[in-house]
Amino acid sequence: MPGKSDVMPCGRRTYCGRANCRHTAHCRKLEAQQEQAAAKSGADVHGPAQGRAPRPRPAPSPKKPLARPADVVYLYDGSLPGFYCCVYESVYSHELPLAIWPEDDAPPTLFRQKLIATEQDKAERVRASVPKKISAAALELVETVYLSCLAEKEIAMLRFLLLGYQRGRPVMQMLGHADVAPMLAAQKHLGGEAHLLLGFVRFSDYDGVLGATISPKNFILPFIASHFVSRYAQEDFLIYDKTHKAALIYEQGRQRIVPMEGIVFPKASEAEEAYRAMWKQFYNTISIEARENPRCRMTHMPKRYWENMLEVQDLL
Amino acid sequence: MDLMDKLTILADGAKYDAACTSSGADRPGGGGLGSTIAAGCCHSFSADGRCVSLLKVLMSNNCIYDCKYCVNRSSNDIARTSFTPEELAELTIEFYRRNYIEGLFLSSGVLRNPDYTMEQMIRALEIIRYKYDFWGYIHAKTIPGASPDLIWRLGLVADRLSVNIELPSEDSLSRLAPAKTRKAILRPMAQIAAGRQQNTRELAHYKHAPTFAGAGQATQMIIGASPESDYSILRLAEGLYGRYELKRVFYSAYIPVVEDSLLPSVETKPPLLREHRLYQADFLLRQYRFVADEILSEEAPNFNPYLDPKCNWAIHNMHLFPVDVNTASQATLLRVPGIGPLSAKRIVAARKTGRLGMPELKKIGVVLKRAQYFITTADNPTGLHTGREATVRALIDPGVYSAGMEQLSLFGPPGMGLPALPGPGDVATVAQAAEEVVACLAKAM
Ligand code: SF4
């Protein structure tokens with residue numbers, strides 16, 4: 001990819017990369033002038049790479065970004081390996097796309113679009129580079145945000161990775177950085193929702209099998225699985241995620257998460273109805289009238305969870 | 001009487017108990033049913049906004065004692081019933097299977113005599129633990145006057161035990177709960193603390209020694225039924241934390257249940273704001289390394305209704321501020337209003353990669369609205385100089401004017417010459433009172 005024929009404006013082959021090298025500084029200036037001239041004459045200096053090999057890069061200096069903003073939109077297949085291939089593309093063509101969208105629900109756009117094919121070995125290479133060049137926590141962060149409901153999460157993940165490649169391990173400490181903070185916030189949001197759901201899931205007993213429906217904003221099934229598996233080690237259960245059309249199934253000691261279009265639970269038995277009624281009764285009994293505070297209830301238990309919660313769904 | 005009716009009556013009798021968290025035990029499932037998580041887990045929130053985590057019920061409300069402040073007292077004319085151990089066990093397990101609850105909080109009125117009641121409770125818990133192989137959370141309240149070996153047996157099946165101190169002083173106890181004495185309450189508390197220490201040593205030697213009250217012990221006291229000052233309550237709590245290694249002290253605002261010359265009248269609103277301040281101060285003791293004497297004193301024995309205890313401490317110690325967020329120790333940062341344990345930790349981590357200014361602090365989660373008056377930052381090296389009044393105004397707890405106002409201390413003026421809280425909905429008075437408070441506090445700074 002990097003063209004060997006490409007030379008520096010002064011005629012030398014490559015940059016030496018030393019920060020205080022006068023030669024390099026001189027060439028950078030020349031380069032900038034050339035770019036300006038080109039921009040004036042209407043030529044697109046960052047334009048499509050076709051036919052023109054990218055300039056050889058100077059050794060990474062901490063200030064210069066790995067990729068420059070480009071008027072292009074990446075479309076990918078929506079999978080995690082697919083996303084890693086977008087990272088690969090961005091790094092190797094030195095461009096920071098405007099957006100990365102799953103091709104299935106990409107809005108129409110006038111910008112140039114690049115369809116990024118998913119190739120397992122590329123994806124593997126990118127994935128392996130994250131713990132090596134940044135940290136294991138960074139990989140976990142990226143893969144968690146991938147499951148979150150953050151708007152335009154792919155581009156946030158890419159920006160974070162590009163920054164991480166430059167800064168290395170300390171990037172996880174840059175809590176205030178504009179490319180880090182939204183990632184941490186999304187992770188926290190997902191973690192918070194997963195924690196809430198640990199409590200808010202309501203099972204019914206269908207002839208020995210426990211079944212529940214949830215409708216969370218984030219895809220939290222992978223994060224709550226181990227809790228419920230440990231809690232119901234001897235039971236068989238199923239949690240259906242209505243939002244993401246998937247189910248966590250635990251059967252005879254084995255768990256899996258599978259896509260599922262919809263689900264119809266059987267009619268509740270008499271005993272089941274009795275326990276439901278007793279739970280509602282208990283719930284209504286323990287509230288202390290003198291302390292009634294519906295606002296407080298709502299902050300702790302946002303209304304969007306109520307539809308699947310036996311004791312409050314009638315209040316909706 | 002069917003199970004539904006029993007549940008209704010026995011949940012109703014237990015609802016005033018404040019101690020209802022499932023935290024403190026971290027035990028993955030052991031192959032049976034259930035597990036516990038250290039952070040605790042709320043399964044729902046009732047209409048009063050409180051976390052519903054445990055099935056909180058009484059074994060029996062058929063109490064032989066006559067504590068004045070209690071709905072279950074023998075002289076009260078209410079329906080009486082008791083669970084059988086089997087009923088309670090099955091109910092707990094079926095609720096737990098459906099993920100309604102995180103475990104059981106079991107308390108009881110004194111049925112026949114203390115030891116009989118304890119035996120019933122132990123029986124129920126043993127069925128839950130051994131027959132159903134239940135690994136979830138159980139919190140049990142010991143019955144005052146029960147024999148030590150029953151307390152030991154209860155601790156073997158419960159994660160947490162509690163002995164309720166009930167009222168903040170011996171004096172109030174003898175007035176309102178004549179059947180109970182301070183000594184009789186502290187004895188099991190000491191027994192549990194000693195039992196836990198011994199158990200820890202045993203566990204270190206034999207892995208399979210039975211665990212005794214693994215999640216520690218807690219207690220609860222009723223606030224506002226008797227005349228103790230906030231200072232004496234806080235000192236008591238501090239002493240209990242130190243002496244008996246309590247995990248938590250719970251404060252329960254007294255809700256008048258009966259007209260009695262010894263008690264506040266039934267019209268009295270529960271002192272929720274006072275309870276709130278006590279929890280805030282308690283948190284300062286446990287998480288912020290404060291001591292009670294820093295928070296309140298003989299001279300100012302009651303909480304400031306307008307300021308949370310930390311802000312109150314800060315404005316009386318302005319000579320310690322501002323502190324530099326880029327160099328101050330974590331302990332010092334913890335003392336700044338608007339900085340909590342988590343943000344203090346994050347500041348120490350984040351400043352390793354660069355000096356921190358206001359925008360970074362904001363992203364870290366510092367409440368700048370309060371903190372800004374007490375810190376210097378990279379982009380503001382000398383701190384904010386806005387005068388005392390602005391500082392005080394920013395610190396005033398907005399919750400103080402919200403609905404359901406009550407007088408903070410039933411038996412004394414709020415202290416510091418502050419005006420009394422205005423009645424709810426009285427807008428002109430509220431604004432006026434706020435200004436008076438600001439002026440008054442600024443003067444005291
Ligand atoms: S012993 Fe307990 S249940 Fe009985 S009256 Fe006193 S406080 Fe109430």
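Helices (H or I, at least four residues) and strands (E, at least two) are DSSP runs, numbered from the N terminus. The model is predicted, and local features need pLDDT of at least 70, side-chain atom pairs count only at pLDDT 80 or more, and totals for chains, interfaces and linings use all residues. Side-chain values use heavy atoms, with hydrogens and water left out.

Helix α8 of chain B contains Arg274(B). This residue counts as buried, with a relative accessibility of 1%; buried means under 20% relative accessible area (1.4 Å probe, protein chains only). A polar atom of the Arg274(B) side chain lies 2.9 Å from the backbone oxygen of Glu228(B).

The interface between the two chains comes next. Contact (heavy atoms within 4.5 Å) involves 50 residues from chain A and 54 residues from chain B. Together the chains bury about 4500 Å², of which 60% is on carbon and sulfur atoms; buried area is the accessible area (1.4 Å probe) that two parts lose on being put together, summed over both. On the chain B side, the most area is lost to chain A by Arg97(B), Arg98(B) and Tyr100(B), together 16% of what that side buries.

Between chain B and chain A there are 4 salt bridges, each a side-chain nitrogen of Lys or Arg within 4 Å of a carboxyl oxygen of Asp or Glu. A salt bridge joins the side chains of Glu102(B) and Arg231(A), at 3.1 Å from N to O. Elements of chain B that each supply at least two residues of the side touching chain A include α1 (3-12), α2 (85-97) and α8 (272-287).

How values were computed
Residues are numbered from 1 along each chain as its sequence is written. Chains are lettered from A and ligands numbered from 1 in the order in which they are written. Buried means under 20% relative accessible area, exposed over 50%, partly exposed in between (1.4 Å probe, protein chains only). A polar contact is a pair of N or O atoms within 3.5 Å; within protein, one must be able to donate a hydrogen and the other to accept it, and residues adjacent in sequence count only if both atoms are side-chain atoms.
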